Amino acid sequence: MNADAVVLDIDGVLVDVEDSYRRAIVESIEAVYDRTIRKPDIQQFKDAGGFNNDWELTYAAALYVLATGEGYSASIDEYTDEIAARGGGLEAAEDAVREELGARATQRVTERWDRERLRDVFQQLYLGADLYRGLEGGNPDRETPGFIHDEPVLLEPETREAILERYDVGVVTGRPEAEAEIALERVGLESEIPLEHRFTMDDWAEGKPHPHALTTLAERFDADSVVFVGDTLDDIRTATNAADADPGREYYGVGVLTGGLTGEEGRRAYEAEDAAAVLESINDLPDLLES
């Protein structure tokens, strides 16, 4: 690939979020509405696109739970397929429910759809009481240790050093800045990647798969060739969109099988999006680049 720069997603690439962010999605909905989706269902939303922000994914999943109580009969597969067909994201989810239920039932659903409360519970569960007080600036209504402490590191020290030694390295993530810093510190990259080489939720409104963050980093690195490593189809789409937006540079989307997409099914999903390569983990990246 003859890369000049490597840009990394965090979740599912550098740290495993199966028992942190994904658990928070499921348990937040359960805490607020006494019903929820299954953890494997989360990948259906990710594959539909437009859910780089896990708060918005939580809102869309909660909307589904509430809508089924008003007669919405679609399965999770059908719901997320409809979201994908409408372009992905939360607005598409709202449109899908509204069209199926009609105005009156949709109004009853939205009156119960408390996104502010869902986000607050999510943050309490994910951060835990102590971090919640520090980062959210309020007092939690539950004393929890925080799922953020249950994020195994995926990036091996040898891989980290090999990438830093040979390439300019950046980060594009859907995490808020403070939560990104915690993860980067855990994997040994917080002091290695300056703020101007990071894009978090707080730095750009569009989110992935919009190419702005990736093309901006390519410009800052003055790179002719950029590899972007992620764990979702939207990450691959980000690289594809960057190539379309910035044809003077090469962009390669590389998928890893350590997030929600795993095994041969995950590999096929990446290949269907024209991923440049699919790796078992981030630790296979140096060999791919050197070859």
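**View 1. Helices α1 and α7 of the predicted model.** The axes of helix α1 (residues 21-33) and helix α7 (residues 115-136) cross at roughly 130° and come within 9 Å. Axes are lines fitted to C-alpha atoms, for helices over the stretch in contact, and angles run from 0 to 180 degrees between N-to-C directions. Helices (H or I, at least four residues) and strands (E, at least two) are DSSP runs, numbered from the N terminus. α1 and α7 are therefore oblique to each other; angles under 35 degrees count as roughly parallel, over 145 as roughly antiparallel, 65 to 115 as roughly perpendicular and the rest as oblique. On the α1 side the contact is made by Y21, A24, I25, E27, S28, I29, A31, V32 and Y33, and on the α7 side by R117, L118, V121, F122, L125 and Y126; contact means heavy atoms within 4.5 Å. By class, this contact of α1 with α7 has twelve nonpolar, one polar and two charged residues. Ala, Val, Leu, Ile, Met, Phe, Trp, Tyr, Cys and Pro count as nonpolar, Asp, Glu, Lys and Arg as charged, and the others, Gly among them, as polar.

The model is predicted: local features need pLDDT of at least 70, side-chain atom pairs count only at pLDDT 80 or more, and totals for chains, interfaces and linings use all residues. Residues are numbered from 1 along each chain as its sequence is written, and side-chain values use heavy atoms, with hydrogens and water left out.

**View 2. Helices α7 and α9.** α7 packs with helix α9 (residues 177-187) at an angle of about 100°, their axes being 13 Å apart. That makes α7 roughly perpendicular to α9. Q123, Y126, L127, L131 and L135 of α7 make the contact with A178, E179 and I182 of α9. The classes in this contact of α7 with α9 are six nonpolar, one polar and one charged.

View 3. The axes of α3 and helix α5 (residues 90-101) cross at roughly 10° and come within 9 Å. α3 and α5 are therefore roughly parallel to each other. E56, Y59, A60, L63 and A67 of α3 make the contact with L90, A93, E94, V97 and L101 of α5. A61 also lies in helix α3 (residues 54-68). A61 is buried, at a relative accessible area of 0%; buried means under 20% relative accessible area, exposed over 50%, partly exposed in between (1.4 Å probe, protein chains only). Leaving aside neighbours within four places in sequence, A61 is in contact with I29, I37 and F45. From A61 to I37 the C-alpha to C-alpha separation is 7.0 Å, at 24 residues apart in sequence.

**View 4. Strand β1 and its partners.** In strand β1 (residues 5-8), A5 and V7 point one way and V6 and L8 the other way, and all are buried. β1 pairs with strand β2 (residues 168-172) in the parallel sense over four bridges; two strands pair if DSSP finds at least two bridges between them. V6 stands opposite V169 in β2. β1 also runs parallel to strand β4 (residues 225-230), joined by four bridges, and L8 stands opposite V229 in β4.

View 5. K208 and P209 are joined by a cis peptide bond, with omega about 15°. P209 lies in the loop between β3 (198-199) and α10 (212-221). D34, although not a glycine, has a positive phi of about 65°. D34 is in the loop between α1 and α2 (42-48) and is exposed, with a relative accessible area of 61%. D222 is likewise not a glycine and has a positive phi of about 55°. D222 lies in the loop between α10 and β4 and is exposed, with a relative accessible area of 62%.
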